[in-house]
Amino acid sequence: HLVARWNSTHDMLSRLCKLQSHVTAVLQDITVTKAADQSLNLSSAQWKLVQCMADLLQPFRGVTNDLSSSRKVTISTVLPVMFGLQGECAEADDDSAFIATLKSRLVTSLAAKFHLAIIHPDSCEAIAAALDPRFKDLAFLDVEDRTSIVDEVKLLVEGREEVTANAMEPAAKRSPATPSESTPSGEAVPALTKQPSLLSRLTKRPEQQQQQPLERADASRQVKMYFEASGCAVDDDPLDWWRRHEEVFPGVAKLAKKILATPASSAESERNFSATGILTERRRARLGPGNMRAMLFINKNRAVLSSHQTASQ
């Protein structure tokens with residue numbers, strides 16, 4: 001038994017609604033459809049139910065596509081969007097019994113899949129949401145969870161600052177066993193696609209005021225100042241915000257770059273396997289692993305390579 005995903009179910013229902021008149025005409029035509037099969041035609045109430053299900057699953061489809069993207073930050077949107085989807089599934093007064101039951105099951109499924117009942121402050125999704133300037137106020141959580149996550153971020157930043165400080169000491173003052181943490185290369189990150197309007201609707205974020213200049217501080221104050229600073233709009237790119245503020249919050253910025261680079265799903269790795277399967281077809285049986293990796297790299301980064309080539313001309 002194959003269980004269909006939300007995307008497939010939504011697309012099937014939406015396509016059926018779009019072709020309603022054609023499907024009805026074929027099923028009612030006795031020259032095309034046998035009399036025994038004409039009972040397959042849906043009633044007006046059933047067509048309305050199909051449309052309601054398609055409308056209900058529309059945000060799920062959009063979120064699935066967004067979280068599967070490899071061209072924008074996704075890990076930090078998991079918790080805000082999941083709580084937003086639960087809000088989309090709030091029962092309405094005009095819901096039928098079936099739609100009310102479907103909404104209830106969707107909410108239960110989301111809570112179980114993403115552990116929304118108990119938020120672990122050290123989870124990657126929670127830390128990422130706190131390090132994303134769009135969601136750093138953690139408005140979708142209660143006060144206790146917010147405080148726990150902020151404390152966890154503070155511990156992580158202080159730990160990174162301590163390692164960096166040890167690495168910058170003269171060699172004579174350092175123990176040989178003391179590990180040093182490599183610093184980021186500082187290479188420019190290509191601009192990412194802006195978040196779609198669906199994210200704005202699900203998270204319901206107000207517009208942010210213009211950021212005031214802040215002074216650089218130590219690790220403990222950096223975290224405090226970061227959470228007090230103005231963030232950015234939901235449709236803005238959080239990496240652009242961090243490029244403008246990494247000199248103000250260097251310790252927090254290093255942690256943010258590491259955490260926000262985490263993909264929210266395995267969709268891109270699955271696409272890589274699919275692309276590799278296409279490259280290693282029978283006619284390319286003698287293709288070496290080095291050439292295959294180079295071709296796969298070009299295939300997955302052609303947009304970035306093209307932009308760099310255009311900028312250099």
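Student: What percentage of the 313 residues in the chain do buried residues make up?

Tutor: The model is predicted, and in it buried residues account for 32% of the 313 residues in the chain. The accessible surface of the chain is about 19,700 Å², with 54% of that belonging to carbon and sulfur atoms.

Student: How many helices and strands does the chain have?

Tutor: The chain has 13 helices and zero strands. Of the contacts between residues at least 6 apart in sequence, 70% join residues at least 24 apart.

Student: How should I read charge pairing here?

Tutor: As a general idea, side chains of opposite charge can pair when their charged atoms come close. In this structure the count is nine salt bridges. Among them, D66 and K72 pair at 3.6 Å, N to O, and both of these residues are buried. Another links K103 and D95 at 2.8 Å, N to O.

Student: Why does K103 count as buried?

Tutor: K103 has a relative accessible area of 9%, and buried means under 20%; therefore K103 counts as buried.

Student: Which parts does the salt bridge between K300 and E268 tie together?

Tutor: The closest N and O atoms of K300 and E268 are 3.8 Å apart. K300 lies in helix α13 (residues 289–312) and E268 in helix α12 (residues 267–279), so the pair ties together parts 32 residues apart in sequence. K300 is partly exposed at 28% relative accessibility, and E268 is partly exposed at 21%. Salt bridges with shared partners join E268, R271 and K300 into one network.

Notes. Residues numbered from 1 in each chain as written. Predicted model: local features only at pLDDT ≥ 70, side-chain atom pairs only at ≥ 80, totals over all residues. Heavy atoms only, no water. Helix = DSSP H or I, 4+ residues; strand = E, 2+ residues; numbered from the N terminus. Buried < 20%, exposed > 50% of the residue type's maximum accessible area, 1.4 Å probe, protein only. Contact = heavy atoms within 4.5 Å. Areas by Shrake-Rupley, 256 points an atom, 1.4 Å probe, with all protein chains shown as cover. Salt bridge = Lys/Arg side-chain N within 4 Å of Asp/Glu carboxyl O.
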